[in-house]
Amino acid sequence: MNTRSRFLAVATGAAALMAVAAPLSVQAAYPEKPITMVVAYDAGGSTDVTARMLAPYIEKHLGGARIEVVNRPGAGGEIGFAALADSPADGYTIGFINTPNLVSIPIERQARFSLDRLDPLINVVDDPGIWTVPADSPFKTLSEAVAHAKANPNAVTVGTTGVGSDDQLAMLLVQRQAGVQFTHVPFSGSAANQKAMLAKKIQVCAQNLGEGLRATATEQVRILGVMSSERWKVAPDLPTFKEQGYAVNMASLRGIGAPKGLPADIRAKLVDALTKAVGDPEFVAKAEAKETFQPLRVLASDAFAGELAQLDKELRALWQSSPWLK
């Protein structure tokens with residue numbers, strides 16, 4: 001082999017090594033810049049509280065990555081979900097995805113996102129619905145609120161986090177079972193909804209247990225009932241809606257998703273870090289404390305995707321018989 005041939009052989013070999021090493025270096029570098037975590041609701045609501053509480057533990061288990069929580073509220077979550085779906089599938093944008101809004105919005109209207117454009121990575125919270133009123137409200141029980149609505153159609157105002165939300169769907173179920181009519185008042189997020197209730201701009205705030213327990217710590221609100229099949233162990237004194245005569249089970253799953261199409265190595269690294277983060281004993285202790293209470297229910301990717309698919313099936317059937325948007 002002459003000198004030129006030897007040079008070409010060495011150069012070719014070096015180029016081949018560089019080609020093999022390139023993807024390895026990219027994999028090792030991730031994440032090399034901050035990761036945006038989109039929250040599709042207002043700052044101060046349950047999803048925002050969970051996101052900001054969890055972010056440091058994702059950073060810890062993702063090699064010192066930096067997580068920037070960004071609120072994109074509006075349209076019942078559609079703005080934030082669409083922002084997440086439209087982001088590059090490169091691992092640098094993740095976000096909370098909430099039921100039932102994630103599923104109900106594309107059923108009720110032409111949405112700017114679809115379920116199949118998102119990749120459910122892990123579920124974190126399963127938070128049952130509740131109804132709360134100001135501490136000095138005349139409604140001491142759910143039955144009293146319903147009785148007043150029956151005697152005064154449309155007089156009882158119920159705040160929710162938007163059309164198609166778990167809050168509104170639960171309100172419709174109570175209406176149907178009780179034979180009454182409430183006035184629906186939608187808000188961009190749970191923080192605005194609760195604020196309006198405390199200011200007595202609405203009479204009832206339909207929200208979730210975590211939010212209600214945090215509010216009762218200041219003795220500003222009364223919880224009328226919990227939309228779960230059984231009483232929750234952290235709040236054993238709170239009656240369920242079912243106990244009070246209304247078979248309403250409604251909850252919000254809050255998990256983390258990403259745009260569909262993540263590179264396999266980046267997805268695996270993200271899922272591993274998220275799994276370790278939500279299982280971190282320090283995070284679990286903070287999440288379950290009454291000051292920040294978040295009812296944890298961790299679901300791996302496949303199980304989370306399965307629950308979303310089942311909910312999609314159920315809500316499509318409900319929409320055919322009883323559309324919640326008219």
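This is a predicted model: local features need pLDDT of at least 70, side-chain atom pairs count only at pLDDT 80 or more; totals for chains, interfaces and linings use all residues.
Local features were taken at pLDDT of at least 70 and side-chain atom pairs only at pLDDT 80 or more, whereas totals for chains, interfaces and linings use all residues. Numbering runs from 1 along each chain as its sequence is written, and side-chain values use heavy atoms, with hydrogens and water left out.

The secondary structure of the protein comprises eleven helices and ten strands; helices (H or I, at least four residues) and strands (E, at least two) are DSSP runs numbered from the N terminus. Along the principal axes, the C-alpha atoms occupy a box of roughly 100 × 40 × 30 Å. Of the 326 residues in the protein, 50% are buried, where buried denotes under 20% relative accessible area, exposed over 50% and partly exposed the range in between, with a 1.4 Å probe and protein chains only. Contact is defined as heavy atoms within 4.5 Å. Among contacts between residues at least 6 apart in sequence, 78% join residues at least 24 apart.

Two helix pairs were examined. Axes are lines fitted to C-alpha atoms, for helices over the stretch in contact, and angles run from 0 to 180 degrees between N-to-C directions. Helix α2 (residues 46-61) packs on helix α9 (residues 264-278) at an angle of about 130°, the two axes being 8 Å apart. The pair α2 and α9 is therefore oblique; angles under 35 degrees count as roughly parallel, over 145 as roughly antiparallel, 65 to 115 as roughly perpendicular and the rest as oblique. On the α2 side the contact is made by Leu54, Tyr57, Ile58 and His61, and on the α9 side by Ala273, Leu274, Lys276, Ala277 and Val278. Seven nonpolar residues, one polar and one charged residue form this contact of α2 with α9. In this classification Ala, Val, Leu, Ile, Met, Phe, Trp, Tyr, Cys and Pro are nonpolar, Asp, Glu, Lys and Arg are charged, and the others, Gly among them, are polar.

In the second pair, the axes of α4 and α11 come within 9 Å and cross at roughly 40°. Helices α4 and α11 are therefore also classed as oblique, and α4 passes α11 in a right-handed crossing. Leu102, Val103, Ser104, Ile107 and Glu108 of α4 meet Leu308, Leu311, Asp312, Leu315, Arg316 and Trp319 of α11. By class, the contact of α4 with α11 contains seven nonpolar, one polar and three charged residues. Helix α11 spans residues 301-321 and also contains Ala303, which is partly exposed at a relative accessible area of 37%. Although 181 residues separate Ala303 from Ile122 in sequence, their C-alpha atoms are 8.6 Å apart in space.

Helix α8 (residues 209-216) is mostly covered, with seven of its eight residues buried. The buried residues of α8 are Leu209, Gly210, Glu211, Gly212, Leu213, Arg214 and Ala215. Their cover includes α2, β4 (118-134), α7 (190-198), β7 (204-208) and β8.

Ser228 is buried, at 9% relative accessibility. A polar atom of the Ser228 side chain lies 2.7 Å from the backbone oxygen of Glu230. The side chain of Ser228 also makes a polar contact of 3.2 Å with that of Trp232. A polar contact is a pair of N or O atoms within 3.5 Å; within protein, one must be able to donate a hydrogen and the other to accept it, and residues adjacent in sequence count only if both atoms are side-chain atoms. Beyond its neighbours within four places in sequence, Ser228 contacts Pro128, Thr240, Val248 and Asn249.

The peptide bond from Tyr30 to Pro31 is cis, with omega near -5°, and Pro31 is placed in the loop between α1 (3-29) and β1 (35-39). A cis peptide bond also links Thr99 to Pro100, with omega near 0°; Pro100 belongs to the loop between β3 (93-98) and α4 (101-108). Ala75, a residue other than glycine, has a positive phi near 55°. Ala75 lies in the loop between β2 (67-71) and α3 (78-86) and is partly exposed at 35%. Asn154 likewise has a positive phi, near 70°, and sits in the loop between α5 (142-151) and β5 (157-160). With 41% relative accessibility, Asn154 is partly exposed.

Note on methods
A crossing is left-handed if the near helix is turned anticlockwise from the far one by less than a right angle, and right-handed if clockwise.
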